[in-house]
Amino acid sequence: VQLQASGGGLVQAGGSLRLSCAASVSIDSINGMAWHRRAPGKQRELVAGISSGGITNYLDSVKGRFTISRDNAKNTVYLQMNSLKPEDTAVYYCEAVVVTTTPVGEYEYWGQGTLVTVSS
């Protein structure tokens with residue numbers, strides 16, 4: 001599985017950006033997808049995730065501002081980011097998790113990062 005992330009950029013505080021993560025395979029075959037971020041000098045953190053059934057979860061600090069969604073027809077997952085704050089500045093990475101039963105296993109795939117910079 002290859003993931004191509006895009007959509008990062010420079011935006012003023014209060015602005016919006018939409019990140020896209022395009023998968024090389026049908027995301028119907030992917031159990032879960034997520035966006036993570038790593039800010040300068042900080043550890044990577046999970047920002048938002050979405051299961052194959054559409055169940056979502058969010059980092060507390062982005063709840064109500066960010067929305068993760070998936071378009072199965074386009075094999076793409078999106079992260080809509082509104083009301084951006086300077087503390088959202090980070091490199092954002094998309095992740096796909098595939099669970100197999102034969103053999104039993106769980107595999108993680110990562111896209112390249114896309115930089116989001118929010119100016120104050």
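**Salt bridges in a predicted model**

Q: Is Arg37 buried or exposed?
A: Buried means under 20% relative accessible area, exposed over 50%, and partly exposed in between, with a 1.4 Å probe and protein chains only. The relative accessible area of Arg37 is 5%. Arg37 is therefore buried.

Q: How many salt bridges are there?
A: This is a predicted model, in which local features need pLDDT of at least 70, side-chain atom pairs count only at pLDDT 80 or more, and totals for chains, interfaces and linings use all residues. Side-chain values use heavy atoms, without hydrogens and water, and residues are numbered from 1 along each chain as its sequence is written. A salt bridge is a side-chain nitrogen of Lys or Arg within 4 Å of a carboxyl oxygen of Asp or Glu. By this rule the count is four.

Q: What is the relative accessible area of Glu45, a salt-bridge partner of Arg37?
A: The closest N and O atoms of Arg37 and Glu45 are 2.8 Å apart. Glu45 is partly exposed, and its relative accessible area is 31%.

Q: How many residues apart are Arg37 and Asp88?
A: Their side chains form a salt bridge, 3.0 Å from N to O. Arg37 is in strand β4 (residues 32–38), and Asp88 is in the loop between β8 (76–81) and β9 (90–101). Strands are DSSP runs (E, at least two residues), numbered from the N terminus. The pair links distant parts of the chain, 51 residues apart.

Q: Which residue forms a salt bridge with Lys63?
A: The closest N and O atoms of this pair are 3.0 Å apart. The partner of Lys63 is Asp60.

Terms used: Helices (H or I, at least four residues) and strands (E, at least two) are DSSP runs, numbered from the N terminus.
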